[in-house]
Amino acid sequence: MDAFHLVTQVDTVETLKQPGMTKICAPMVRYSKLQFRTLVRKYGCDICFTPMILADSFVQSAKARDNEFTTHKEDQPLIVQFAAKNVSDFVDASVMIAPYSNGVDLNCGCPQRWAMQEGYGADLLRKPELVKDLIRQVRNRISKPFTVSAKIRLLKDIRQTIMLCQILEKADTSFLTIHARTPEMRNEPINLDNLKLLRDHVQLPLVANGDIKSLESAEFLFKESRCEGVMSARGILTNPALFSGYSTTPLVCVQDWLDITSSISTEFQCFHHHLVFMLEKILPRKDRVLFNSLQNKSSVLEFLETYYNIRPNASNSTELTRCIFNVSNVQRKKKYIDYTSEDDSPSDILGNIFNTDS
């Protein structure tokens, strides 16, 4: 461990190259935070991504850094995903986060209107030379085994997707995650044929993303796509034990969530929403409607104790990593803007997640 890296530098590329399927938790707005990453790592998840973080806000604002990133010593391998559209923001954010993570990922797939209008996410698919420069400049600043990767969607013309991936390959990209839908697609089935065609033309390690709702569907996609890893978002959100082979969330997983969120401070909305997802397929509809409407933690805990006879186990607080970010080279430009407004309804939030990854 050198002075630059405070975490043990796991070689994520070597993890991907090992025989067998590498299982990955996707970046999900608001939801793939430390508490959830801690949970899914208990159930066979090999690599976790943070939610997408706006690089410019992260660089400029201590509030953004505190709100968007927390970790602890067991939280690895960890890839931090940034939305960026210029080199300075992506490089500065990557250098700042590098001591506390194992890699950074550039979001080139978010299809949400606000992101594309601002030049983030899937808008970058039209700018391969910019994406190459973003990746290369970070790679030049931070040595391996720290990874610099990108998550993309398919373009309508698969030849353009192949060209983009080959350009990124030459820029020394560590690996690519392919969400096998175009930015225009939402809940349609993934385009497995184009994913397989991409695999034939790209030598980089690839991670396949889309339509993973069970261990069986993950294994199918792994075998058919010949990618090194598979990534789940919607499936692992509703069943954090998915990669362990459970068809629905087991009660032991719910118990683990109660214990984890008792040892790591967790806002009620995050605590409750995850339980709403986990119990979606196991609570009868009438009881689910009641549970989903609960407004505070004590009522949620009372419901779970009455219904399932489970309660948080007393435990000490988890020691979080104290992150000290070097901002000496950063010029303050603007204050932090939260890109997910506080008055988002639950349905809006679900749209934010599932329109980005699945």
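Good morning. Between domain 1 and domain 2 there are 8 residue pairs in polar contact, both residues at pLDDT 80 or more; such a contact is a pair of N or O atoms within 3.5 Å, where within protein one must be able to donate a hydrogen and the other to accept it, and residues adjacent in sequence count only if both atoms are side-chain atoms. This is a predicted model, in which local features need pLDDT of at least 70 and side-chain atom pairs count only at pLDDT 80 or more, while totals for chains, interfaces and linings use all residues. Residues are numbered from 1 along each chain as its sequence is written, and side-chain values use heavy atoms, without hydrogens and water.

The domains span 19-245 for domain 1 and 248-317 for domain 2, with bounds from an automatic or database domain assignment. Their C-alpha centres lie 29 Å apart. The contact (heavy atoms within 4.5 Å) takes 15 residues from domain 1 and 18 residues from domain 2.

What do the two domains bury between them? The value is about 1500 Å², 66% of it on carbon and sulfur atoms; buried area is the accessible area (1.4 Å probe) that two parts lose on being put together, summed over both. Of the area that domain 1 buries against domain 2, Tyr-31, Gln-35 and Thr-238 supply 40%, more than any other three residues.

Salt bridges across this interface number 0, by a rule that asks for a side-chain nitrogen of Lys or Arg within 4 Å of a carboxyl oxygen of Asp or Glu.

Finally, Phe-291: beyond its neighbours within four places in sequence, its contacts include His-272, Leu-275 and Phe-303.
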